[in-house]
Amino acid sequence: MSTNTTTIENTVIESLKSFGADAGEITYDATWESIDVDSLDLAELAQVVEDEHGVKMEGEDMKQINTVGDAIAFITEKKAA
Amino acid sequence: MRRRELPDVVVTGIGAVTPLGVGARTLHERWTAGTSAFRDGEAPCPDFEPTDHLSMKEARRADRFTQFGIVASDEALAMAGWEDEAPYDPFRIGCVLGTGVGGIGTLEGNHDTLRDKGARDVSPLAIPLMMSNAGSAALSLRHGLKGPVYSVVSACAAGGHAIGTAVRAIQCGDAQAVVTGGSEAALTPLTRASFQRMSALSPTGMSRPFDSRRDGFVMGEGAAVLVLEDGESARARGATILARVRGYGATGDAHHITAPDTAGAGGARAMMLAMDDAGLTAADIDYVNAHGTSTQLNDRAETAALKTALGDYAHKVPVSSTKSAIGHLLGAAGAVEAVATVLALRDRVAPPTLGYEEPEDGMDLDYVPGSSRPLKTASDERAVALSNSFGFGGHNVTLCLETA
């Protein structure tokens with residue numbers, strides 16, 4: 001895992017924890033529903049991600065992002081592009 | 001006369017978060033013991049820690065005013081015996097909560113962000129936290145209340161209006177029960193500065209209602225929630241009845257945006273309407289929980305209003321102000337004071353107007369100076385009180401409360 005991915009993973013996981021998600025349940029495969037993350041949490045996550053990584057998570061792209069792993073992969077890919 | 005036969009509405013649960021602590025009884029016991037909650041010219045809730053009561057997610061999703069409301073509602077619903085399951089169809093249970101300004105702390109914080117960092121950094125939670133209806137929405141979500149759910153905004157009369165509106169919803173058959181009350185968390189720089197600039201706040205930081213030296217109100221924060229039920233339904237389920245809301249009266253001054261009518265005509269009419277709604281007269285009133293803000297204008301106008309509404313009985317009835325102990329909770333005041341009144345009536349005690357020492361010419365009612373005293377009642381079977389709430393805009397509300 002690259003340093004970049006580790007940093008992105010850290011951003012996502014720490015954000016989700018700060019929104020109140022149970023740290024033990026935040027895995028790559030966890031769906032938003034399973035960790036009680038809703039649209040408002042994702043809007044907050046998008047804000048943090050843009051601040052820290054310059055990647056925008058919005059619009060149509062969000063339909064493809066249904067798990068923690070999806071989000072990390074999406075940000076990693078966009079950042080590398 | 002407007003009185004009609006309407007179903008009776010009973011109080012089966014009460015809860016409060018006030019500057020005297022968490023809990024309705026805490027408020028009652030500390031106030032009647034003569035404790036006040038002022039520090040540095042305000043009455044905050046310094047010991048209130050949201051995550052003691054709410055999950056991190058719940059706490060983040062609620063402005064402080066909503067947090068107070070949630071915690072007060074948990075206490076009230078538990079007292080009503082609703083903690084496991086509500087006793088009625090959820091679509092027959094409403095929620096009406098009052099507030100003066102809603103989530104103004106959230107609004108101010110996000111405005112700072114907008115100015116300092118730009119629009120992209122404004123929180124996605126800003127609107128759901130700041131909206132004035134956030135309190136009733138949060139209680140609906142938390143407790144599964146699916147009947148009429150909305151908030152009432154009428155400045156410092158909002159708590160009273162909320163309760164009165166809840167009573168009517170039950171009496172008209174829109175709901176079998178309504179979770180109601182008021183909440184406020186406006187100890188913020190903008191609110192403080194705004195009230196200061198209009199000379200409404202006490203520059204000495206002293207809340208001494210009806211005293212000749214009074215010089216403005218002292219801001220407090222908190223919430224109170226009451227569970228109101230259709231009396232017949234509550235008795236059928238064997239609920240413990242804490243009190244009855246016997247009457248509700250509401251008027252508008254049509255006089256001035258902030259100043260009360262000096263003769264107190266609107267306030268007097270609200271009291272008379274509440275007594276009429278209750279089918280009672282001035283002779284039946286054992287106690288008045290005054291609006292009593294400690295401003296020059298309110299306390300004089302309210303005294304005049306009491307004399308108009310109660311006639312000869314005005315000088316016989318103890319009149320005291322909860323704001324002498326916890327300051328002015330604005331949109332929560334009417335609800336907190338209704339809760340304080342219910343417990344005062346149940347314990348047959350007239351709580352004191354703390355700090356009242358120097359009478360003012362023409363303000364000669366029994367303001368219960370010094371310390372609380374046993375409450376004498378006109379009837380051996382019941383105790384009856386009026387609780388007044390008046391707000392900027394000329395809003396006047398009186399509730400008539402009765403306990404066994």
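Biologist: Which residues does P128(B) touch, leaving aside those up to four places away in sequence?

Modeller: In this predicted model, P128(B) touches L40(A) and A134(B). Contact means heavy atoms within 4.5 Å. P128(B) itself sits in helix α5 of chain B, residues 126-130.

Biologist: Why is P128(B) called partly exposed?

Modeller: Its relative accessibility is 26%. Buried means under 20% and exposed means over 50%. The value for P128(B) falls in between, so P128(B) counts as partly exposed.

Biologist: What makes A81(A) count as buried or exposed?

Modeller: A81(A) has 87% relative accessibility. The cut-off for exposed is over 50%, so A81(A) counts as exposed. A81(A) is found in the segment after α3 (68-80) of chain A. T5(A) is 76 residues from A81(A) in sequence and 14 Å away in space, C-alpha to C-alpha.

Biologist: Now the helices. How do you know how α7(B) and α13(B) are oriented to each other?

Modeller: Take helix α7 (residues 158-171) and helix α13 (residues 333-346), both of chain B. Their axes come within 5 Å and cross at roughly 70°. Angles of 65 to 115 degrees count as roughly perpendicular. Therefore α7(B) and α13(B) are roughly perpendicular to each other.

Biologist: Which residues meet there?

Modeller: G159(B), G160(B) and I163(B) of α7(B) meet G334(B), A335(B) and A338(B) of α13(B). The residues of this contact divide into 3 nonpolar, 3 polar and no charged. Gly counts as polar here.

Biologist: What does the pair tie together?

Modeller: F210(B) lies in the loop between α8 (189-197) and β6 (222-230) of chain B. Y367(B) lies in the loop between β10 (349-350) and β11 (373-374) of chain B. The pair therefore ties together parts 157 residues apart in sequence. Both F210(B) and Y367(B) are buried.

Biologist: What makes K316(B) lie over a ring?

Modeller: K316(B) is 4.9 Å from the ring centre of Y313(B), over its face. The distance limit is within 6 Å.

Note on methods:
Residues are numbered from 1 along each chain as its sequence is written. Chains are lettered from A and ligands numbered from 1 in the order in which they are written. This is a predicted model: local features need pLDDT of at least 70, side-chain atom pairs count only at pLDDT 80 or more; totals for chains, interfaces and linings use all residues. Side-chain values use heavy atoms; hydrogens and water are left out. Axes are lines fitted to C-alpha atoms, for helices over the stretch in contact, and angles run from 0 to 180 degrees between N-to-C directions. Helices (H or I, at least four residues) and strands (E, at least two) are DSSP runs, numbered from the N terminus. Angles under 35 degrees count as roughly parallel, over 145 as roughly antiparallel, 65 to 115 as roughly perpendicular and the rest as oblique. Buried means under 20% relative accessible area, exposed over 50%, partly exposed in between (1.4 Å probe, protein chains only). A charge sits over a ring if NZ of Lys or CZ of Arg is within 6 Å of the ring centre and within 35 degrees of the ring normal.
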